[in-house]
Amino acid sequence: MRNTIFNIVKFVGLGIFFGIVMTKAEVISWYRIQEMFLFDNFHMYGVIGTAVVIGLISVQLMKKYKAKDINGREIKFEPKAFSVARYLFGGTIFGFGWAMTGACPGPMYTLVGHGYWAMLIVIASALFGTFIYGMVKSKLPH
Amino acid sequence: MTFLFEQSFIGYLSHSWPWYIAGILIASVMVFLLFTGKHFGVSATLRAGCSALGAGKLSDFFHFDWKKAQGWNLLFILGGLIGGYIASTFLASPEPMEIGERTAEHIQSMGFSLPAASKDKISGMLPAEFTDTEFIFSLKGMSLLILGGFFVGFGTRYAGGCTSGHAISGLSDLQLPSLIAVIGFFIGGLTMTYLLMPLFF
């Protein structure tokens with residue numbers, strides 16, 4: 001029971017922090033995504049670039065020192081199975097949606113919190129899109 | 001140092017945050033999650049959502065213990081939603097967003113409004129059209145939301161991740177598949193922005 005409450009506080013808390021950061025960094029803004037794809041503002045490249053540089057340093061250090069998580073288990077990084085078709089085609093389709101709605105999955109939820117209820121339509125069709133992928137998965141090149 | 005005394009701390013936080021601060025904080029979310037034994041990747045919540053809605057009966061892809069595997073992630077996005085509410089209610093920027101000239105021209109030519117100041121708790125981060133029921137229920141508006149959402153849901157699962165899973169987590173781990181996925185994100189995004197959207201809007 002105590003564990004459950006701790007889990008809820010931990011993950012909801014981290015999510016709240018993430019939602020505030022994404023809002024104040026304006027990465028949830030449709031305008032910033034348009035600017036990014038129009039190469040009209042460095043902002044999004046700066047945010048993602050900094051996150052990758054800091055992430056890269058952190059992950060390399062974690063691997064080097066065989067860092068353990070709070071449960072005492074070693075933090076594992078599973079390499080993703082190599083393929084070109086899957087990542088290129090899937091990525092391109094996601095890119096279409098990102099440019100249209102200006103929202104990747106994280107921002108969709110945060111924008112609902114902003115009161116943009118139209119994002120619920122986007123979330124519903126994203127669920128439907130994921131469902132259709134699951135149904136036709138075996139027929140697609142991977 | 002005068003800025004510290006001229007406005008409250010909340011007032012200071014209310015302005016948009018610089019990219020390097022945002023980048024560091026987003027990376028720290030990923031690192032915190034790793035230390036809790038989880039991997040940062042938001043699109044997995046969509047698969048878990050399908051499973052929770054019963055899609056496991058129709059496809060093995062959704063037949064898994066979503067509570068055990070992804071329950072934490074659903075709590076995380078619930079937090080993301082609450083964080084959005086908090087930030088737009090208490091930390092809303094007093095001024096409208098500033099956007100590049102080319103972007104302003106481009107979006108106006110497609111019939112979208114320029115950024116407005118935050119009003120009635122709506123943060124002004126999306127064009128006014130996104131709160132206008134007439135636009136939302138028009139053919140254009142509905143196709144933008146429904147097709148856009150569909151592409152996000154289908155594409156992220158096909159690619160096995162989105163911005164958080166591939167661009168941030170994957171590139172931080174020097175995964176070649178993630179780099180290919182990110183190249184895909186841009187092929188799709190640029191094609192949509194330069195060719196398809198101007199054609200239909």
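Q: What describes the way helix H1 (residues 2-24) of chain A and H5(B) pack in this predicted model?
A: In this predicted model, H1(A) and H5(B) pack at an angle of about 45 degrees, and their axes lie 6 Å apart.

Q: Is the crossing of H1(A) and H5(B) left-handed or right-handed?
A: H1(A) passes H5(B) in a right-handed crossing, and the residues in this contact divide by class into 17 nonpolar, ten polar and one charged.

Q: How many residues of chain B are in contact with chain A, and what makes a pair of residues count as being in contact?
A: Two residues count when their C-beta atoms, placed from the backbone, lie within 7 Å, and by that rule 108 residues of chain B are in contact with 100 residues of chain A.

Q: Which elements give two or more residues to the side of chain B that touches chain A?
A: Among them are helix H3 (19-35), helix H5 (66-90) and helix H10 (176-200) of chain B, and H10(B) gives the most, with 17 residues. By class, the residues on this side of chain B are 69 nonpolar, 34 polar and five charged.

Q: How confident is the predictor in chain B and in the complex?
A: On a scale from 0 to 100, chain B averages a pLDDT of 92, with 96% of the residues scoring at least 70, while the complex is given an ipTM of 0.95 and a pTM of 0.94.

How values were computed: Residues numbered from 1 in each chain as written. Chains lettered and ligands numbered in written order. Predicted model: local features only at pLDDT ≥ 70, side-chain atom pairs only at ≥ 80, totals over all residues. Helix = DSSP H or I, 4+ residues; strand = E, 2+ residues; numbered from the N terminus. Nonpolar A, V, L, I, M, F, W, Y, C, P; charged D, E, K, R; others polar. Axes fitted to C-alpha atoms, helices over the stretch in contact; angles between N-to-C directions. Left-handed = near helix turned anticlockwise from the far one by under 90°.
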